[in-house]
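Visitor: I would like a close look at one part of this structure, the place where the ligand sits. Please take me through it step by step.

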Amino acid sequence: MSLDLKSSWEFSPAPESTSHVKIKKKYDLFIGGKWVKPKSGTYFKTINPATEEVLAEVAEAGEEDVDLAIKAARKAYTQVWSKLSGKERGKYIFRIARLIQERAREFAVIETLDGGKPIREARDIDIPLAAAHFFYYAGWADKLEYAFPNKKPKSLGVAVQITPWNFPMLMVAWKIAPALAAGNTVVLKPAETTPLTALKLAELIQDAGLPDGVVNIVTGYGKTGAMMVEHPDADKVAFTGSTGVGKIIMKAIAGTHKKSTMELGGKAANIIFEDAPIDQAVEGVVNGIFFNQGHVCCAGSRLFIQESVYEKVMRKLKDRMENLVVGDPLDKNTDVGAINSQKQLKVIEGYIKAGLDEGCEMYQPEHATLPKKGYWCKPTLFTNVAQSSKIAKEEIFGPVLAIQTFRTVDEVIAKANNTPYGLSAGVWSDKGSKVFNLTSKMKAGVVWANTYNKFDPTSPFGGYKESGHGREGGVQGLEPYLKFE
Ligand code: NAP
Ligand code: MG
């Protein structure tokens, strides 16, 4: 029997206060430890996607600005950072970690305002994990010789780093912390729709007294990113973003001395076997695709359910979807916030239309009403999906789940691996042997068992196939920032 929970779960509003948050009206570029106006004099707006209000104007870096930033990073590398001992570098990184912790609330609110993600997630996941990454890599700074025994690890020089909009501050931490620990200096560009936490971090870096030019933050569109990648004096390119842009970058650096790490797209399979703890699995599915609006590279966007439990899982999943709170991202009860931008909303709506056009069957929670302003999408699932359906093949990067069934283990492994991506996967089963059999055959960088979307700085993360190369996190995350004799 299915519970009738529709409309029975009303919460009183519980908005997080924004009174402690300081956002400047206008941000310049953070180069050589100072705020520098862009040579072009051009600024662009970053908005709150939940309200369409302008939050701040942000500088657009052009060729000369990028050159200035890379020169500042080079100078800081040769004159200061490469001469410091690992222990001294570690002290600075610890200081950054502690300051993030102290200002965690402000960072969380800014993340939610600028990107549309629920405050609960920014507060409990993004910002604490970002601080944890700095703490973790601070600890490695003076232990590189032990991490890579007999290999004489040496820093590379200047790293250019480009991040996406789905986990703005966390991706910045994944990039900057290992780069600094390994002894490199950095020029980083955040995504155009979510630059504010990276700029806030620049303020914090000033407060931490980090030597000028060790971290430079430049803002701009994709063009700015391309200029950074193509700059001849960059030694390393660390990119997180779409597979399409990743391919452009790989072509641009082919034949150069530049090392690269590419963290790209995904189309993860989440697999529920008949012996799985079903309630836990349903919660994991919801967490995997609907929280953070499906703006997750490792989102469990393809669900495979063993035929014998299909009806049961579907009933529970739909009930759970009816209870998802969609709306004000600043409200602590909200599960599903705003779509990051109008452009991304159009992409998602295009995929929903493609699913309907291909004859897939759609379900959206009945009671969810969307705010009038801002960019919103109801949590959506599709059944009657084929392996060849567009919504089962392509990364949607929104709260849209494509559901298929299977009978045998071999069948589901073949279906799950039938994708150009290979970033992550999930498996739900009571049998350890089944889980191990499956995890060893899945072509995915991370496979979660009876859980989903769990992250830890000590654990490496990265893709197979078109999901990229190189690892971030763990000891493995240091290696792409080092060379060995
Ligand atoms: P995107 O369009 O590829 O952009 C990523 C970053 O690259 C942004 O800062 C973007 O700037 C910049 N950029 C755009 N064109 C560029 C170019 N030609 N050269 C250099 N930089 C360029 O991706 P997105 O839409 O922001 O993010 C979503 C994608 O990221 C998804 O595919 C998702 O799977 C992937 N992702 C992967 C991971 C992972 O760890 N594997 C983690 C998170 C996200 P603008 O923002 O100004 O355009
Ligand atoms: Mg924004």
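Guide: What follows goes from the site of the ligand to the residues around it and then to single contacts. The model is a predicted one. Start with the location: ligand 1 takes up the space of the largest pocket. Residues of the shell around ligand 1 come both from domain 1 (26-263 + 464-484) and from domain 2 (269-449), so the ligand lies between the two domains.

Next, the shell itself. There are 28 residues around ligand 1, and those that come nearest are Thr163, Glu192, Ser242, Leu264 and Glu395. Sorted by class, the shell holds 15 nonpolar residues, nine polar ones and four charged ones.

Now the contacts with oxygen atoms of the ligand. Ser242, already listed among the nearest residues, has a polar side-chain atom 2.6 Å from an oxygen atom of ligand 1. Trp165 also brings a polar side-chain atom to an oxygen atom of ligand 1, here at 3.0 Å. With Gly220 the backbone is involved: one of its polar backbone atoms is 3.3 Å from an oxygen atom of the ligand.

How much of ligand 1 does the protein cover? On its own, ligand 1 has 900 Å² of accessible area, and the protein covers 89% of this.

Last, the secondary structure elements. Those that give two or more residues to the shell around ligand 1 are the helices α8 (222-230) and α9 (243-253) and the strand β10 (236-240). Of these, α8 gives the most, with three residues.

Note on methods
Residues are numbered from 1 along each chain as its sequence is written. Chains are lettered from A and ligands numbered from 1 in the order in which they are written. This is a predicted model: local features need pLDDT of at least 70, side-chain atom pairs count only at pLDDT 80 or more; totals for chains, interfaces and linings use all residues. Side-chain values use heavy atoms; hydrogens and water are left out. A residue is near a molecule or strand if one of its heavy atoms lies within 4 Å of it. A polar contact is a pair of N or O atoms within 3.5 Å; within protein, one must be able to donate a hydrogen and the other to accept it, and residues adjacent in sequence count only if both atoms are side-chain atoms. Accessible areas come from the Shrake-Rupley method with a 1.4 Å probe; for residues, only the protein chains shown count as cover. On a 1 Å grid over the protein atoms alone, a cavity is a set of points where a 1.4 Å probe fits but cannot get out, and a pocket is an open set with protein on both sides within 12 Å along at least five of seven lines; lining residues have an atom within 4 Å of a point. A molecule sits in a cavity or pocket if more than half of its atoms lie within 2 Å of its grid points. Helices (H or I, at least four residues) and strands (E, at least two) are DSSP runs, numbered from the N terminus. Ala, Val, Leu, Ile, Met, Phe, Trp, Tyr, Cys and Pro count as nonpolar, Asp, Glu, Lys and Arg as charged, and the others, Gly among them, as polar. Domain bounds come from an automatic or database domain assignment.
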